[in-house]
Amino acid sequence: MITMKDIVLEGHPALRKRAEKLTFPLSPEHQELAKEMLEFLHNSQNPEIAEKYGLRAGVGLAAPQLGKSIQMIALLVPGFEEEEAILDEVWINPRIMRESVKKACLKDGEGCLSVNREVPGIVLRPERITVKYQDVNGDEFVRTLNDYEAIVVQHEIDHLNGVMFYDHINQTQPMYIPKGAVVIGE
Ligand SMILES: COc1ccccc1NC(=O)N[C@H](C(=O)N(CC(=O)NO)CC1CCCC1)C(C)(C)C
Ligand SMILES: [Zn+2]
């Protein structure tokens, strides 16, 4: 099972490379990796397992964070109360096709499973995105997301392009939120 020691930290080259597109059918190794990545997120959101293995509660994970420079991300965005998760899946070769002009940000900024420090600052991202991706079988999907799930997906796709969340923080005014931006978590 994947635990925190398998997740590379900032400074690892895989976090600053463009990840390779995958072809289908996926190799058995890549099929197994997809399963393990989603299982890590489920484990990390299970209080007993997370406690036992010291897992940070993850909502998304990108293959480069495991040192694998391939275009694969796992997403587990919980629903509200006990309803099922909003996103519980692995996306291959995701590509943002459209993005809104309107921006959104998390009130308290972002963190990262590969960053073991607080990096204060607002991370502005398009509030709504349309993403094309393939599932582990190679079937193609187009999906429009907004708000929190759009932020998670953009954070993970950034990892496939060697981008870290703090690359988006305005160095001169890190806390500045432009007028008209949607603030999530208020
Ligand atoms: C169940 O957990 C939650 C429930 C409700 C709100 C938030 C969370 N958890 C998170 O935001 N978790 C973050 C996360 O997984 N990531 C993913 C990551 O590092 N991917 O590479 C960072 C988030 C920052 C914005 C979007 C993803 C960490 C870095 C704090 C572990
Ligand atoms: Zn991250």
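Predicted model: local features only at pLDDT ≥ 70, side-chain atom pairs only at ≥ 80, totals over all residues.
A residue counts as buried when its relative accessible area is under 20%. Tyr133, at 4% relative accessibility, therefore falls in the buried class.

**The aromatic cluster**

Trp91, Tyr133 and Phe141 together make one aromatic cluster. There are three aromatic pairs by the ring-centre rule. In one of them, the ring centres of Trp91 and Tyr133 are 3.8 Å apart with the planes at 10°, so this pair is stacked. Trp91 belongs to strand 3 (residues 87–99) and Tyr133 to strand 6 (residues 128–134), so the contact ties together parts 42 residues apart in sequence. Tyr133 also forms a stacked pair with Phe141, at 5.5 Å centre to centre and 15° between the planes.

How buried or exposed are the members of this cluster? Trp91 is buried, with a relative accessible area of 0%, and Tyr133 is buried too, at 4%. Phe141 is partly exposed, at 34% relative accessibility.

Another ring has a charged neighbour: the charged end of Arg117 sits over the ring of Tyr166, 5.1 Å from its centre.

Strand 2 (residues 72–77) has six of its six residues buried, so the rest of the structure largely encloses it. Both of its faces are covered: Met72, Ala74 and Leu76 are buried on one side, and Ile73, Leu75 and Val77 are buried on the other.

Strand 2 pairs with strand 1 (residues 60–62) in the antiparallel sense over three bridges; here Gly60 has Leu75 as its bridge partner. Strand 2 also pairs with strand 3, again antiparallel, over six bridges. In that pairing, Val77 stands opposite Leu87.

Elsewhere, three strands make an open sheet in the order 5-4-8, with mixed pairing. Strand 5 (125–126) and strand 8 (182–184) are the edge strands, each pairing on one side only. Strand 4 (residues 103–106) and strand 8 run parallel and are joined by three bridges, with Ala104 opposite Val182.

**The zinc site**

Which residues coordinate the zinc ion (ligand 2)? The donors are Cys112 through SG, and His155 and His159 through NE2, at 2.1 to 2.3 Å. Along the chain they follow the spacing C-x42-H-x3-H. Cys112 lies in the loop between strand 4 and strand 5, while His155 lies in helix 3 (residues 147–160), so the pair ties together parts that are 43 residues apart in sequence. Cys112 is buried, with a relative accessible area of 4%, and His155 is buried at 10%.

**Salt bridges**

The whole structure contains ten salt bridges.

| Salt bridge | Closest N to O distance |
|---|---|
| Arg143 and Glu89 | 3.2 Å |
| Asp158 and Arg125 | 2.9 Å |

The salt bridge between Arg143 and Glu89 is one that spans the sequence: Arg143 lies in strand 7 (residues 140–146) and Glu89 in strand 3, so parts 54 residues apart are tied together. Arg143 is partly exposed, at 26% relative accessibility.

The salt bridge between Asp158 and Arg125 links helix 3, where Asp158 lies, to strand 5, where Arg125 lies, so it ties together parts 33 residues apart in sequence. Asp158 is buried at 13% relative accessibility, and Arg125 is buried at 2%. Through shared partners, salt bridges join Glu110, Arg125 and Asp158 into one network.

**Lys52 in helix 2**

Finally, a look at helix 2 (residues 47–53), which holds Lys52. Is Lys52 buried or exposed? Lys52 is exposed, with a relative accessible area of 63%. Its side chain joins that of Tyr53 in a polar contact of 3.3 Å. Lys52 and Ala62 are ten residues apart in sequence, and their C-alpha atoms are 23 Å apart in space.

Key. Residues numbered from 1 in each chain as written. Chains lettered and ligands numbered in written order. Heavy atoms only, no water. Phe/Tyr/Trp six-rings, centres within 6.5 Å; stacked < 30°, edge-to-face > 60°. Helix = DSSP H or I, 4+ residues; strand = E, 2+ residues; numbered from the N terminus. Buried < 20%, exposed > 50% of the residue type's maximum accessible area, 1.4 Å probe, protein only. Lys NZ or Arg CZ within 6 Å of the ring centre and 35° of its normal. Pairing = 2+ DSSP bridges. Polar contact = N/O pair within 3.5 Å; in protein donor to acceptor, adjacent residues only side chain to side chain. Donors = N, O, S within 2.8 Å, 3.2 Å for Na, K, Ca; no water. Salt bridge = Lys/Arg side-chain N within 4 Å of Asp/Glu carboxyl O.
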